[in-house]
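Colleague: Please take a close look at the aromatic side chains of this model and at the helices and loops around them. I would like the cut-offs behind each term as you go.

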Amino acid sequence: MMLKPFRFSVVGGNSQSRMAWINFARRAEELGYDSLLLPDRTQMKLAPFAALAVAAAATTTLRVGSYVFCNDYRHPALLAKEVATLDLLSEGRFELGIGAGAGANDYRQLGLPFEAAGTRVGRVEEAITIIKQFFTEERVNFSGKYYTVVDLPGLPRPVQRPHPPIFIGSASQRMLSIAARQANIVSPTARFARPGEAINDVPLEQKIAWVREAAGERFAQLELSQAAYQLSISDNPAEVVPPDGAPPIPRKAMSTEQAVEYLLAQREQLGFSYIQVYDGQMENFAPVVARLRGK
């Protein structure tokens, strides 16, 4: 396995003023983070499109992206137009994360039906085809089970060619297989139980094997990603609360050196090189970023 250089992102979006958000984005850039990612959740204080545009305008090298857009909230052709616009206006600094929805509560709040996973994933698969056509073709024509697009101009053109990198994370074999074939960044994730639900998750190594099998020759081109919410650069173990909507995760207290060694081992053994931390970790994790970024 050819090891890819490390990249680091901050997942945030709960600033309560314009200057707080701008200062947060600039601080992430100053500390050496590669990207600032924003969840597409109803409980987040900031909505993604406007916030990411402001963050891109306030910085010079920081990439911005979604973590991740819920496909069911927007028509994929309109999502592609928004993404292409942000990529154009940020001069090629946008990353498109897309998924099938994080949970039923957001859908309930929006009055949307939370349909079976197979249906939602099927829509994502069609959506990615439409989005890629929008980015790469003069006009989009598509007729599928869930979407129809007729003679839609693929404008504006994104700066990144052939398209902004696509990020997909999942715990399921079907979604990870789609990611392996269609995405640039893939994040095999843990499956969390909902209240009253019993689950039997598979080992991380098995999920990576699914990705490898589905990707075939393009596996070497993929960037594997994982969140490091459980790492605390501290000597005092405690409970950490990740971004709104994610379950609490027991913190693993590590020194900077221990965290560096841990992430190097994860890359060597499993291939993970793109690492996410949540906004509350940003400052304490910065020494690790300084040691590993780009190496």
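Modeller: I start with the ring pairs, go on to the helix packing behind them, and end with some backbone details.

This is a predicted model, in which local features need pLDDT of at least 70 and side-chain atom pairs count only at pLDDT 80 or more, whereas totals for chains, interfaces and linings use all residues. Residues are numbered from 1 along each chain as its sequence is written, and side-chain values use heavy atoms, with hydrogens and water left out.

Rings of Phe, Tyr and Trp (its six-membered ring) are taken as a pair if their centres lie within 6.5 Å, with planes under 30 degrees apart called stacked, over 60 edge-to-face and the rest tilted. By this rule there are nine aromatic pairs. One of them is tilted and joins Phe8 to Phe285, with 6.2 Å from centre to centre and 55° between the planes. This pair links distant parts of the chain, since Phe8 belongs to strand 1 (residues 7–11) and Phe285 to helix 9 (residues 282–292), 277 residues apart; helices (H or I, at least four residues) and strands (E, at least two) are DSSP runs, numbered from the N terminus. Phe8 counts as buried because its relative accessibility is 0%, and Phe285 is buried too, with a relative accessible area of 1%; buried means under 20% relative accessible area, exposed over 50% and partly exposed in between, with a 1.4 Å probe and protein chains only. Phe134 and Phe135 form another pair, this one edge-to-face, with 6.4 Å between the centres and 80° between the planes. Phe134 is buried, at a relative accessible area of 1%, and Phe135 counts as buried at 0%. Returning to Phe8 and Phe285, ring pairs link them with Phe6 into a cluster.

Two arginines also face aromatic rings. The charged end of Arg7 sits over the ring of Tyr274, 3.8 Å from its centre, where sitting over a ring requires NZ of Lys or CZ of Arg within 6 Å of the ring centre and within 35 degrees of the ring normal. The charged end of Arg123 sits over the ring of Tyr146, 5.8 Å from its centre.

The crossing of helix 8 and helix 9 is right-handed, that is, the near helix is turned clockwise from the far one by less than a right angle, anticlockwise being left-handed. In this contact (heavy atoms within 4.5 Å), Thr256, Glu257, Ala259, Val260, Leu263 and Leu264 of helix 8 meet Phe285, Pro287, Val288, Arg291 and Leu292 of helix 9.

From helix 3, Pro76, Ala77, Leu79, Ala80, Lys81, Val83 and Ala84 meet Ala127, Ile130, Ile131, Phe134 and Phe135 of helix 5.

Some backbone details complete the view. The peptide bond from Tyr67 to Val68 is cis, with omega near -5°, and Val68 is placed in the loop between strand 3 and strand 4. A cis peptide bond also runs from Arg161 to Pro162, with omega near 5°, and Pro162 lies in the loop between strand 7 (148–153) and strand 8 (166–170). In the loop between helix 3 and strand 5 is Glu91, whose phi is near 60°, a positive value in a residue other than glycine; Glu91 is exposed, with a relative accessible area of 69%. Asp151, in strand 7, has a positive phi as well, near 50°, and is partly exposed at 41% relative accessible area.
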